[in-house]
Amino acid sequence: MKQTMILAAGLGTRLKPLTDTMPKALVPVGGTPLLDINIRKLQSYGYDRFIVNIHHFAQQIVDYVAQQDYAPLVHFSDETDALLETGGGLKKAQDLFRSDEPILIHNVDILDNVDYDWFARQHQTDEDAVLLVSRRQTKRYLLFDNAMHLMGWKNIETGEIKSPYEYVRRTGLSQHGEALNMFAFSGIHSFSPRLFPLMDRFPDRFSIIDFYLSVCHRSRIVGLVKDDLRLMDVGKLDTLDQAENFIKSL
């Protein structure tokens with residue numbers, strides 16, 4: 001038994017004009033909606049509980065899922081009143097999850113080559129969250145010590161550093177003056193429900209990364225490197241054209 005939250009509430013503004021009439025989750029790749037691609041892939045890895053947050057053209061998603069054979073496995077978290085971002089959306093949906101197993105968090109517009117049996121096995125019982133990362137180039141990196149515990153976040157263009165550790169904010173280095181390991185976050189992560197109480201002091205709307213950065217000094221938030229990670233963000237029209245070939249290549 002495995003559970004997942006598919007983040008599908010976004011406005012999909014980068015996919016206009018398609019998203020003027022449909023939600024991002026139902027934008028087709030090779031004739032199949034993104035939501036369907038991701039649910040069926042995760043079903044093949046044994047996922048049997050799907051929480052989908054909805055906002056933009058929410059009813060279209062509800063109606064689409066109702067027609068699918070996996071409809072009984074899907075539960076909706078309604079954000080039609082307001083978008084809550086990645087952390088707020090997870091917090092709002094917490095009562096929909098089973099409390100005794102990790103939650104895979106996945107964006108509806110991400111296609112990837114991850115073996116989710118492998119990924120689920122990497123989440124050890126003493127770890128509160130496992131963040132899938134890689135060495136790809138980006139402007140914003142997560143910072144980890146040599147044991148791959150999350151220590152902070154850095155924008156390499158502006159030099160801004162976020163961290164609960166004063167010495168990391170001041171120097172960008174470890175407590176002993178060593179360079180921290182910088183990895184790019186994939187947006188794919190495994191979250192333990194035991195972290196939910198730490199969200200109580202957070203507002204309705206917040207980023208999950210900001211949450212992780214605020215609790216990583218008292219929780220086990222770890223990075224998991226996948227060197228051969230292939231990831232496609234189908235959030236823009238130009239990548240939509242490439243997405244069908246990407247899926248075939250997997």
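Mentor: Start with burial. Buried means under 20% relative accessible area, exposed over 50%, and partly exposed in between, with a 1.4 Å probe and protein chains only. This is a predicted model, in which local features need pLDDT of at least 70, side-chain atom pairs count only at pLDDT 80 or more, and totals for chains, interfaces and linings use all residues. Residues are numbered from 1 along each chain as its sequence is written, and side-chain values use heavy atoms, with hydrogens and water left out.

Trainee: Is Phe 206 buried or exposed, and what makes it so?

Mentor: Phe 206 has 6% relative accessibility, so it counts as buried. Phe 211, at 0%, is buried too.

Trainee: How do you know which label Asp 227 gets?

Mentor: Its relative accessibility is 56%, and the limit for exposed is over 50%. Therefore Asp 227 counts as exposed. Asp 227 sits in the loop between β13 (221-225) and β14 (231-233). Strands are DSSP runs of E, at least two residues, and helices are runs of H or I, at least four, numbered from the N terminus.

Trainee: What makes the link between Asp 227 and Arg 135 a polar contact?

Mentor: A polar contact is a pair of N or O atoms within 3.5 Å; within protein, one must be able to donate a hydrogen and the other to accept it, and residues adjacent in sequence count only if both atoms are side-chain atoms. The side chains of Asp 227 and Arg 135 make such a contact at 2.8 Å.

Trainee: Which residue makes a polar contact with the side chain of Ser 190?

Mentor: The side chain of His 123 does, at 2.6 Å. Ser 190 lies in strand β12 (residues 181-191). Its relative accessibility is 7%, so Ser 190 counts as buried.

Trainee: What does Ser 190 touch?

Mentor: Contact means heavy atoms within 4.5 Å. Leaving out residues up to four places away in sequence, Ser 190 touches several residues, including Pro 102, Phe 119 and Asp 128.

Trainee: What is an aromatic pair?

Mentor: Rings of Phe, Tyr and Trp (its six-membered ring) pair if their centres lie within 6.5 Å; planes under 30 degrees apart count as stacked, over 60 as edge-to-face and the rest as tilted. By this rule there are 11 aromatic pairs. Trp 118 and Phe 119 form one of them, 6.4 Å centre to centre with 40° between the planes, and the pair is tilted. Phe 206 and Phe 211 are also a tilted pair, at 6.4 Å and 50°.

Trainee: Which residues do ring pairs link into a cluster?

Mentor: Tyr 45, Tyr 116, Trp 118 and Phe 119.

Trainee: Which residues of helix α3 are buried?

Mentor: In α3 (residues 85-92), Gly 87, Gly 88, Gly 89, Leu 90 and Lys 91 are buried. Their cover includes β1 (2-7), β5 (74-78), β6 (103-107), β12 and α6 (208-215).

Trainee: Which element supplies the largest share of the lining of the largest pocket?

Mentor: Strand β12 does, with six residues.
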